[in-house]
2 protein chains.
Amino acid sequence: MQVFATPKLKHVDITSDFWKRYRELVVKEVLPYQWQVMNDEADIAIADDPQNNGQDKNSHAVANLKIAAGEMAGHHYGFPFQDTDVYKWLEAAAYSFSYQPNADLKTITDNLIELIAKAQDEDGYLSTYFQIDAPERKFKRLQQSHELYTMGHYIEAGVAYYQATGNQKALDIATRMADCIDRNFGLEEGKIPGYDGHPEIELALARLYEATDDQKYLDLAHYFLNQRGQDPAFFEKQIALDGDSVDRDLIPGMRDFTREYYLAGEPIADQKVPHGHAVRVVYLCTGMAYVARYTRDAALLAACDRFWNDIVKRQMYITGNIGQTTTGEAVTYDYDLPNDTDYGETCASVGMSFFAKQMLNIRAKGEYADVLEKELFNGAISGMALDGKHFFYVNPLEADPAASKGNPGKSHVLTHRADWFGCACCPANLARLITSVDQYLYTVTDDTILSHQFISNDAQFEDGVELNQSNNFPWNGEIHYDVKNPNGKSFKLGIRIPSWSKEFGLEINGEVKTLPVEDGFIYLDVSDKTVTIDLSLDMRVKFMRANNRDSADFGKVAIQRGPIVYAAEQADNKAPLWSYEVDTKTKPSYAYNADLLNGVGVVKVSADKVELDGTDADLYTEDNEQASEQVEMTLVPYYAWANREDGQMRVWLNK
Amino acid sequence: MQVFATPKLKHVDITSDFWKRYRELVVKEVLPYQWQVMNDEADIAIADDPQNNGQDKNSHAVANLKIAAGEMAGHHYGFPFQDTDVYKWLEAAAYSFSYQPNADLKTITDNLIELIAKAQDEDGYLSTYFQIDAPERKFKRLQQSHELYTMGHYIEAGVAYYQATGNQKALDIATRMADCIDRNFGLEEGKIPGYDGHPEIELALARLYEATDDQKYLDLAHYFLNQRGQDPAFFEKQIALDGDSVDRDLIPGMRDFTREYYLAGEPIADQKVPHGHAVRVVYLCTGMAYVARYTRDAALLAACDRFWNDIVKRQMYITGNIGQTTTGEAVTYDYDLPNDTDYGETCASVGMSFFAKQMLNIRAKGEYADVLEKELFNGAISGMALDGKHFFYVNPLEADPAASKGNPGKSHVLTHRADWFGCACCPANLARLITSVDQYLYTVTDDTILSHQFISNDAQFEDGVELNQSNNFPWNGEIHYDVKNPNGKSFKLGIRIPSWSKEFGLEINGEVKTLPVEDGFIYLDVSDKTVTIDLSLDMRVKFMRANNRDSADFGKVAIQRGPIVYAAEQADNKAPLWSYEVDTKTKPSYAYNADLLNGVGVVKVSADKVELDGTDADLYTEDNEQASEQVEMTLVPYYAWANREDGQMRVWLNK
């Protein structure tokens with residue numbers, strides 16, 4: 001296992017058109033819009049959201065903090081973890097200052113830090129539901145309370161805000177929280193020998209350790225990971241003490257999920273495959289990888305590898321989405337990948353990006369960066385509309401408005417993004433990923449800089465080293481690097497060769513070169529003061545198939561070009577989309593269309609479209625002859641679907 | 001519309017080996033077993049049943065009656081409609097006497113009639129839940145109470161028992177119930193202007209009218225059909241008066257279903273397609289058809305046609321199963337026919353048989369008999385194991401133990417039949433269909449005898465007419481009739497030509513004949529004293545396809561031979577079953593195997609079996625080459641699946 005020293009990357013400017021648009025959209029639309037919603041000032045049709053059971057306020061999340069701070073009277077409203085919407089938004093805003101300083105926004109966020117400080121209890125505790133409405137129940141129903149999850153999200157935000165702005169109070173709130181948790185949890189006499197039902201605190205404490213260099217926080221994170229599942233009955237015992245009756249539950253139905261659902265049925269070292277709630281899985285994995293790297297805990301690292309392997313090889317949609325069932329928003333079992341009833345929560349794709357980043361910090365393996373790229377260009381960003389004001393919680397790979405309306409088993413599948421959600425975890429989670437995407441491009445070790453994403457950027461390192469990457473990715477695969485190394489420092493530069501580009505061309509300083517691919521990277525020794533690198537990636541349109549242990553995709557093809565997975569939409573193709581059979585022998589065409597969906601590469605494939613039977617025809621017939629016509633099928637990037645009229649969508653097409 | 005006089009059929013002896021086995025099994029195993037269960041004397045693993053939420057008694061159904069009769073102390077246990085298990089069983093027993101008189105069983109059933117009479121209130125009311133535990137709430141929450149449903153099931157049983165045994169008390173209980181209902185329901189001042197949440201009373205009253213010739217019962221049935229949906233808020237208004245709080249609900253969750261779910265959102269004449277609970281749909285349709293025939297109500301008949309057409313052409317599985325979703329056990333929308341998440345309740349197939357029989361009484365159309373045959377040989381009898389002691393509630397067309405265990409959206413799909421159910425509507429419902437199948441073979445009008453099922457039998461009609469049908473159907477399609485007409489009476493004999501046998505051969509008295517097919521029947525004028533008829537049906541194995549508006553079956557084939565729909569099981573074919581691609585160009589083979597599954601015709605088809613990818617292979621690949629080998633796939637009749645080891649099953653196979 002490699003353990004890396006502090007990264008030596010100083011600053012990254014993203015120059016990619018694709019990502020600049022998203023990052024500016026977050027500053028211009030997403031953050032103001034979400035702030036409005038959280039202050040209940042937005043005019044939104046929240047009733048449109050199937051997750052919303054009769055909610056009558058937008059959010060109340062800021063109001064909850066004001067009540068806890070004594071600035072307002074009233075009761076808590078929303079989920080016990082309602083505070084986290086504010087914290088994730090704050091974290092997103094903090095990152096945005098690195099590329100778009102905004103004094104008005106900073107006034108808001110500085111004031112928000114003041115409010116949060118005021119809401120925090122003397123002892124460091126902060127979870128407004130319990131402070132306002134159930135102070136006697138703090139830490140007493142951890143299966144459902146999300147208290148450590150909630151404080152974990154603040155710790156992440158506080159660290160980010162401190163790092164972005166130098167605001168010491170933001171960090172102090174975080175350390176006071178962590179100290180409070182440290183005083184309350186552990187195996188020592190008088191402490192709670194438990195952990196949160198929803199992992200998050202583990203990764204947050206690891207970040208706090210990085211920011212403060214205080215070993216106590218790493219130890220506490222390590223404790224939470226080691227302790228998980230040691231007493232599989234921990235949650236039930238707490239519930240028995242707190243009051244077993246259903247009306248004592250903090251979130252209805254949460255008691256019905258298994259111990260495995262909470263990833264707490266046995267110690268992590270004994271858990272063979274990740275079970276349960278998809279977001280819990282990827283948050284736990286991120287914490288595991290974070291802590292394994294610093295502690296060199298081999299059992300924890302083995303669990304990271306095991307879980308990674310199972311998710312990526314047996315439970316991940318081609319778009320990077322995770323979570324095959326709406327029941328508990330959960331993963332199910334290996335190779336179960338239904339496209340029309342899946343969940344694929346946006347948060348799970350965001351969390352998988354975190355996990356991938358941490359795994360890259362452990363090992364220079366292209367596979368981790370492949371998955372990170374898959375999330376960034378597909379499963380994660382599909383969570384937001386191009387207008388920045390509508391969001392998907394659920395990301396299906398096959399959708400049909402008739403099915404969403406008519407079959408209750410698919411009612412969780414929206415065919416248009418919603419204004420907001422009763423459980424609003426996704427919008428701000430995606431916002432913080434987008435505003436921090438500059439932190440996902442490089443992994444730096446003592447002697448190696450890994451450039452593993454093809455998102456154009458100017459990166460400054462210590463010792464005056466600069467890497468300027470320019471391209472028009474993901475639409476074009478010509479990747480140009482200008483390396484500046486004024487002090488003639490000697491280092492290795494690793495450049496990822498994506499798994500989708502087994503063939504590639506390489507020129508160094510204008511000369512064709514051949515380099516071996518080692519675990520997904522080519523390596524150059526840099527010592528000259530300037531180097532230019534030209535990498536040509538294979539951007540041919542590919543017909544992809546799934547491992548044939550996956551029954552849902554058997555006999556079907558998906559279209560991929562570079563990292564972009566494509567989808568057919570009814571907006572471009574006459575419904576029903578299942579009546580097309582793609583001709584994989586005919587070469588697809590590709591063209592960039594600047595006027596469509598904010599500029600997308602459009603793929604066209606040849607297909608036979610079967611003529612539809614009549615509605616009065618027999619439902620079953622022995623007549624197997626069906627007339628068909630050859631047509632062109634138009635596909636757009638998956639992330640951009642559902643930005644036009646409501647209609648059918650499919651990623652996996654009949655062959 | 002044809003209106004038929006009293007049928008002139010006197011008696012039918014079933015001689016078919018296939019059906020004799022089922023009918024003897026019901027007498028030998030099913031009825032004794034179910035009686036044990038209902039008396040809580042069976043040793044069963046009820047916890048195995050996913051419908052069973054923590055039930056700790058087998059049934060308690062007989063005990064409920066004893067408590068209501070004052071013979072036992074205690075509370076009611078089970079669903080408000082628990083009584084109906086007893087009534088359906090009683091009805092099944094009554095029918096069995098026509099082919100297998102059984103003095104021991106008759107002692108039990110005579111005593112049961114005495115018990116029921118004792119349990120009945122002075123005013124005719126009988127619903128043990130309300131009598132025992134909520135007398136003040138009688139008829140006050142009809143959305144959920146099932147009171148008229150429950151009494152309707154007794155009325156059916158009472159009529160059947162009276163007709164089978166002459167037991168007058170059995171009929172008197174029924175007429176007293178109906179009179180009680182008549183006094184309480186209607187548009188007159190002081191009556192309840194409503195109807196039951198679950199249709200059944202309508203068809204039961206029509207049967208009582210047939211048995212008693214008392215117009216009052218037909219009028220009451222007609223009232224219930226006319227009144228349904230006239231005030232769409234009727235149920236909600238009753239609930240508001242009875243107490244709106246959730247803990248006043250008789251069945252948790254039932255309030256959450258829409259008015260359409262209860263087929264009460266608007267008057268029946270205005271309902272365009274059947275919505276909601278599948279069994280409610282087919283019970284209502286049966287009542288509608290029954291009453292439409294006697295009343296000549298054109299609007300009701302139009303609704304029968306409209307609903308029939310929608311179910312059969314757009315919402316019925318190839319096996320005859322109905323109900324595409326477990327949520328509310330309901331139908332969904334046209335052409336939505338998922339095979340792996342469907343419901344296909346056994347009761348819905350039984351009820352569809354009732355509906356088909358009533359439609360045949362209205363019109364001589366082969367389509368009705370085709371559907372009846374489809375149910376009898378597939379969707380209905382699949383509800384019972386070959387041992388007569390295990391039952392399916394849900395009949396999927398695609399099953400996988402891994403999916404049932406691992407994906408909550410499929411947990412309702414059992415891959416083995418259960419001992420019993422918390423909601424035990426199906427077992428006795430199927431039993432009463434099997435013991436009365438002799439009543440489903442002929443439809444007789446003033447001048448025509450329609451022989452529409454190929455179940456060997458000796459039928460005696462008035463005027464000395466006898467029809468002896470002999471064959472080895474469904475395994476063999478050579479159908480022989482000996483018609484005896486000693487008085488030389490002149491009548492038309494209609495013989496159905498099934499839709500699956502567009503080609504057929506016909507000999508009359510040994511001479512080849514050609515007759516036109518009119519609406520699914522050929523007609524012979526009989527006036528000779530003896531006639532022999534030999535019909536050769538097309539028993540070739542067919543590759544069936546679904547209307548291509550059905551996305552779930554697009555590009556797939558199902559195998560059918562005669563009326564029998566086939567299924568591939570893991571017991572005969574190496575898993576996974578989705579890895580086979582059937583070669584429809586190679587002729588399938590067929591052979592009867594007397595030693596398999598109590599004797600079944602086995603079909604073998606040629607298929608390519610794709611070699612499975614490794615479990616560590618990439619989940620998605622651009623390598624579209626997959627090795628495969630040519631294999632033989634073995635299929636068994638759908639009704640007989642899940643009688644061996646647990647495993648995968650598929651009706652629709654990849655092409």
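Mentor: B:Arg207 lies in helix H9 of chain B, residues 201-212; helices (H or I, at least four residues) and strands (E, at least two) are DSSP runs, numbered from the N terminus. This is a predicted model: local features need pLDDT of at least 70, side-chain atom pairs count only at pLDDT 80 or more, and totals for chains, interfaces and linings use all residues. Residues are numbered from 1 along each chain as its sequence is written, chains are lettered from A and ligands numbered from 1 in the order in which they are written, and side-chain values use heavy atoms, with hydrogens and water left out.

Trainee: Why is B:Arg207 called buried?

Mentor: Buried means under 20% relative accessible area, exposed over 50%, partly exposed in between (1.4 Å probe, protein chains only). B:Arg207 has 13% relative accessibility, and therefore counts as buried.

Trainee: Which residues does B:Arg207 touch, not counting those up to four places away in sequence?

Mentor: B:Arg207 touches B:Glu91, B:Tyr95, B:Glu156, B:Val159, B:Ala160 and B:Tyr290, where contact means heavy atoms within 4.5 Å.

Trainee: What makes the radius of gyration of chain A agree with that of a compact globule?

Mentor: The radius is taken over C-alpha atoms, and the globule rule is 2.2 Å times the number of residues to the power 0.38. For 655 residues a compact globule would have a radius near 26 Å; chain A has 25 Å, so the two agree.

Trainee: What share of chain A is buried?

Mentor: Buried residues make up 63% of its 655 residues. Chain A contains 17 helices and 22 strands, and its C-alpha trace spans about 75 × 70 × 50 Å along the principal axes.
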